[in-house]
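I opened the notebook to look up a few things in one structure. The entries follow in the order in which I took them up.

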Amino acid sequence: MINATVILGTLQSVADRHGDPTALIYQRLFSAHPELEALFHMDRDGGVRASMVQQGFECILDHVGEQRVAAQIIFAARMHHDGYGVPAARFDAFFGAMRGAIREIMGPDWSPAMEAQWAELLQEFAAIR
């Protein structure tokens, strides 16, 4: 079971240290998977990217909390992105980019407990089919 305190504490630290990590998340995603950048060619103002990050954080908060909607949102988004030609592994890469950006922002304060809890969170998200 995921330790919500660790995940929520990490998110609060990122907000306090950095603010909005959207640009860093997409920098990491596009660096690892440059083919995905072309899917955002019409997102000239970054609104789609910001919305996706917001929904990602909402899913994280729900998943470590009440668990009301995250699984349904992730399942639906996975199916929707498949229609854009984004296979499941690439869909999951988005959450990996989120974790990577958060890890980078935390720097030397990133702990083994954070690593373990974020790895478990990403495994649970990847299992939603």
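What volume does the largest pocket have? I found about 590 Å³ for the largest pocket. A pocket is an open set of points on a 1 Å grid over the protein atoms alone, where a 1.4 Å probe fits, with protein on both sides within 12 Å along at least five of seven lines. The volume is the space filled by probe spheres set on the points, which are joined across faces, edges and corners.

Before going on I noted the terms of the work. This is a predicted model, in which local features need pLDDT of at least 70 and side-chain atom pairs count only at pLDDT 80 or more, while totals for chains, interfaces and linings use all residues. Residues are numbered from 1 along each chain as its sequence is written, and side-chain values use heavy atoms, with hydrogens and water left out.

**Entry: the pocket lining**

I looked up the lining next and found 25 residues (lining residues have an atom within 4 Å of a point). F40, V48, M52, H81 and Y84 lie nearest the centre of the pocket. At least two lining residues come from each of α3 (47–63), α4 (70–82) and α5 (88–106). Helices here are DSSP runs of H or I with at least four residues, numbered from the N terminus. I sorted the lining by class and got 17 nonpolar, six polar and two charged residues. In this sorting Ala, Val, Leu, Ile, Met, Phe, Trp, Tyr, Cys and Pro count as nonpolar, Asp, Glu, Lys and Arg as charged, and the others, Gly among them, as polar.

**Entry: α3 against α5**

Two packed helices are described by the angle between their axes and the distance between the axes. At what angle do α3 and α5 pack? I read about 85° for α3 and α5, with their axes 11 Å apart. The axes are lines fitted to C-alpha atoms over the stretch in contact, and angles run from 0 to 180 degrees between N-to-C directions. α3 is therefore roughly perpendicular to α5, a term for angles of 65 to 115 degrees. From α3, the residues in the contact are M52, V53, G56, F57 and I60, and from α5 they are F94, F95, M98 and I102. Contact means heavy atoms within 4.5 Å. By class this contact has eight nonpolar residues, one polar and no charged.

**Entry: α2 against α3**

On the α2 side I listed T22, I25, Y26 and F30, which meet R49, A50, M52, V53 and F57 in α3. The contact of α2 with α3 divides into seven nonpolar, one polar and one charged residues.

**Entry: single residues**

Is L24 buried or exposed? L24 is buried, since its relative accessible area is 12%; buried means under 20%, exposed over 50% and partly exposed in between, with a 1.4 Å probe and protein chains only. I placed L24 in helix α2 (residues 22–32). Not counting residues up to four places away in sequence, L24 touches A101, E104 and I105. L24 and A97 are 73 residues apart in sequence, yet their C-alpha atoms are 8.6 Å apart in space.

L11 is in helix α1 (residues 4–17) and is buried at 15%. With neighbours within four places set aside, L11 is in contact with F57, I60, L61, I102 and W118.

H63 belongs to helix α3 and is buried, at 13%. I set aside its neighbours within four places and found H63 in contact with I2, A70, L121, E124 and F125.

I73 is in helix α4 and is partly exposed at 26%. Beyond four places in sequence, I73 is in contact with Q55 and C59.

Most residues other than glycine have a negative phi. Q67 is not a glycine, but I read a positive phi of about 55° for it. Q67 lies in the loop between α3 and α4 and counts as exposed at 53% relative accessibility.

Key:
Angles under 35 degrees count as roughly parallel, over 145 as roughly antiparallel, 65 to 115 as roughly perpendicular and the rest as oblique.
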